[in-house]
Amino acid sequence: MAASAFSNALLSPVTLPSKPKSISFQPRFPLLKFPSTRSHPSLSKTTTFCSSDAADAPKHDTPIELRYPAFPTVIDINQIRDILPHRFPFLLVDRVIEYTPGVSAVAIKNVTINDNFFPGHFPERPIMPGVLMVEAMAQVGGLVMLQPEVGGSRENFFFAGIDKVRFRKPVIAGDTLVMRMTLTKLQKRFGIAKMEGKAYVGGEVVCEGEFLMMMGS
């Protein structure tokens, strides 16, 4: 009887467990796909930039030393010396790059580490003194005032006052100080002029103010 039961067990059909249903998983966030460097050979190369600005800068075929023209020369240093009475170390205008007779002048001062004020201001951090920026701007104003259209035959000018002077950013060795002085009011009979001045480095205002100046004989 045991043999009969064993044979019936062998002959009875075997029920296999059903295959589990697949569960689909939808991620809450999209999966990120990273490109393979094998499929993109250019990605395997490393590019180094000095700054983020350099990475975004457009590519040029022209070398940088040939890309930027020099400032124009309207009045050179020799002509400036013929107009202004200042001399080293207090002549702070190198070149006039724009001049409108009786109205305005734009001039530059090349700030170098060889300027005589840097050893004391400051030895570890050379910064052009603000009072010398104001003096340089006044000298540009003097170039406007001492022209025949404004000053006639007068050969000197003096500070009578300064107002609303603000220093926005430091000027350091290696900068080019670009100064614009504009005549806003003139009392020619008394030789008194009011001017507005702004100084720039790299297109940004570093100093500005109002100047009251007096012409002398």
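Valine 201 stands opposite glutamate 204 in β6. The model is predicted: local features require pLDDT of at least 70 and side-chain atom pairs pLDDT 80 or more, while totals for chains, interfaces and linings use all residues. Residues are numbered from 1 along each chain as its sequence is written, and side-chain values rest on heavy atoms, with hydrogens and water left out.

Helices (H or I, at least four residues) and strands (E, at least two) are DSSP runs numbered from the N terminus; two strands pair if DSSP finds at least two bridges between them. Strand β5 (residues 192-201) and strand β6 (residues 204-216) pair in the antiparallel sense over 10 bridges. On its other flank, β5 pairs with β4, again antiparallel, over nine bridges. Bridge partners involving β5 or β6 are listed below.

| Residue | Bridge partner | Strand of partner |
|---|---|---|
| Arginine 180 | Lysine 198 | β5 |
| Alanine 193 | Methionine 213 | β6 |

Both connections are hairpins. Four residues lie between β4 and β5, and glycine 191 in that turn has a positive phi of about 70 degrees. Between β5 and β6 there are two residues, with glycine 202 in the turn at a positive phi of about 60 degrees.

In a regular strand the side chains alternate between the two faces of the sheet. Along β5, Ala193, Met195, Gly197, Ala199 and Val201 point to one face and are buried, that is, under 20% relative accessible area with a 1.4 Å probe and protein chains only (exposed is over 50%, partly exposed in between).

The open sheet has six strands in the order β1-β2-β4-β5-β6-β3, with antiparallel pairing. β1 (95-100) and β3 (156-167) stand at the edges with a single partner strand each, so one side of each lacks a neighbour in the sheet. The twist averages 20 degrees from one strand to the next. Helix α4 (residues 130-145) lies across β1, β2 (104-110), β3, β4 (176-187), β5 and β6, at about 55 degrees to β6; axes are lines fitted to C-alpha atoms, for helices over the stretch in contact (heavy atoms within 4.5 Å), and angles run from 0 to 180 degrees between N-to-C directions.

The structure holds two aromatic pairs, defined for rings of Phe, Tyr and Trp (its six-membered ring) by centres within 6.5 Å; planes under 30 degrees apart count as stacked, over 60 as edge-to-face and the rest as tilted. The rings of phenylalanine 159 and phenylalanine 211 have centres 6.1 Å apart and planes at 15 degrees, so this pair is stacked. Phenylalanine 159 belongs to β3 and phenylalanine 211 to β6, 52 residues apart. Phenylalanine 159 is partly exposed at 39% relative accessible area, whereas phenylalanine 211 is buried at 2%.
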